[in-house]
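Subject: Structure handover and notes

Hello,

Please find the structure below, followed by notes on what was found in it. The cut-offs are given where each term comes up.

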Amino acid sequence: MTLTPTRRAQHFPTPDPHPRPAPGRMGWLRVIETLDPETRHQDILRITAGYEFPWDYKRSLEFALFRTYCVPSISELLARTGEFEHRPQKRYDDTALLMGELVEHGYDSERGRDSLRNINRMHGRYGISNDDMLYVLSTFVYDPVDWIDRYGWRRLHPHERLASYHFYRQVGIRMGIKDIPGSYQDFHTFKMDYERDNFVYSDDNHRIGTYTLHLFQSWYPRVVAGPVASAVYALVDDRMSAAFGFPSGSPRVKAVAEAGLRARSSVVRRLPKRRTSRGAGDPNNRTYPGYPVGYCPLDLGTGTH
């Protein structure tokens, strides 16, 4: 695995706040085809996450964060801070909303800079290794790609894949992360190698994984807590199950869960294209009612509320 030195931050146009789709159900895809994924990655990712796949993008990031807790050094830090034990919903909302701000408004916009300032402030309180930071960044690139290819209403265009890499590479540079691989393929190789070497069981993994599972269950009526757990066990891969010390998922439950996700996508495929972005505000967040109305990114994060 060869890593290349991180380049200095480059500045690109902030995403168009009022993009116009081409006619037809594939109108946004036609716009994406015309955009350069290196220089216009902010526009492309905003369309993908805010217009085309807002529900899938949020679900995939939930599982991306879940995935990072399979690394003992990451779960040990989370267990030590107590955030997941005492305020799991707030930590989830902080992460989802701050990343949503970056995607919706751009990392160099006023709200984007405030979001990054807040993220860097929170991370700066702890001794997080560069490799751990780099790995978490990689999950934001590739886990949504994998999820949408598997369960989305259409497959991603190559421009969308490259845009995700270029977007988060620039975010990583602004977070002070070093040695970000210099291509989409090299970063993916880093992710796969890192998981192979670092996904091992620990008690902290199990503890943080269980807190997160309980958080997922809390979003639904108590009567379905068991089926929710069964679905989570079925949807995580074998390496994750072993690292968490979770029971192996049922193949039958996995087939049912995936059939449900694909059935949802078949319905979405027949709906008109979305004309309003759903990338900035998450109505399902429990910590900041009505966000972003009345809030700014600096209101989020540990040490607030």
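Which residues form a nonpolar patch on the surface? Y220, V223 and V224 do, with about 300 Å² of accessible area together. Patches are made of residues with over 30% relative accessible area and no salt bridge, with nonpolar side chains (Val, Leu, Ile, Met, Phe, Trp, Tyr) joined within 5 Å and like charges within 9 Å. Accessible areas come from the Shrake-Rupley method with a 1.4 Å probe, and for residues only the protein chains shown count as cover.

Before the rest, the conventions: this is a predicted model, in which local features need pLDDT of at least 70 and side-chain atom pairs count only at pLDDT 80 or more, while totals for chains, interfaces and linings use all residues. Residues are numbered from 1 along each chain as its sequence is written, and side-chain values use heavy atoms, with hydrogens and water left out.

Helices (H or I, at least four residues) and strands (E, at least two) are DSSP runs, numbered from the N terminus. V223 counts as exposed because its relative accessible area is 72%; the classes are buried under 20%, exposed over 50% and partly exposed in between (1.4 Å probe, protein chains only).

Helix α10 covers residues 184-198, and its end C-alpha atoms are 21 Å apart. That agrees with the 21 Å that its 15 residues should span at 1.5 Å a residue, the expected span being 1.5 Å times one less than the number of residues. Buried in α10 are Y184, F187, F190, K191, D193, Y194 and E195. These buried residues pack against α3 (54-68), α4 (72-81), α8 (130-151), α9 (158-174) and α13 (238-244), where contact means heavy atoms within 4.5 Å.

In α12 the buried residues are V228, A229, V232, Y233 and A234. Their cover includes α3, α11, α13 and α14 (251-268).

Salt bridges

How many salt bridges does the structure hold? The count is 21, a salt bridge being a side-chain nitrogen of Lys or Arg within 4 Å of a carboxyl oxygen of Asp or Glu.

- E76 pairs with R80, the closest N and O atoms being 3.0 Å apart. Both lie in helix α4, four residues apart, about one turn of the helix. E76 is partly exposed because its relative accessible area is 32%, and R80 is exposed because its value is 56%.
- R155 pairs with D149, with 3.7 Å between the closest N and O atoms. At 55% relative accessibility, R155 counts as exposed.
- R154 pairs with E160, with 2.9 Å between the closest N and O atoms. Here both R154 and E160 are buried.
- R67, D143, K191, E195 and D237 are linked in a network of salt bridges. Of these, K191 and E195 are among the buried residues of α10.

Cysteines

The structure holds zero disulfides, a disulfide being a pair of cysteine sulfur atoms within 2.5 Å. C70 counts as buried because its relative accessibility is 0%, while C296 counts as partly exposed because its value is 27%.

Not counting residues up to four places away in sequence, Y57 touches L45, A49, F140, P144, I148 and Y168.

S241 is placed in helix α13 and counts as buried because its relative accessibility is 5%. Leaving out residues up to four places away in sequence, S241 touches Y233, V236, F246 and P247. Its C-alpha atom is 40 Å from that of T14, which is 227 residues apart along the chain.

D238 also lies in helix α13 but counts as exposed because its relative accessibility is 66%. The C-alpha atoms of D238 and S248, ten residues apart along the chain, are separated by 7.1 Å.

Regards
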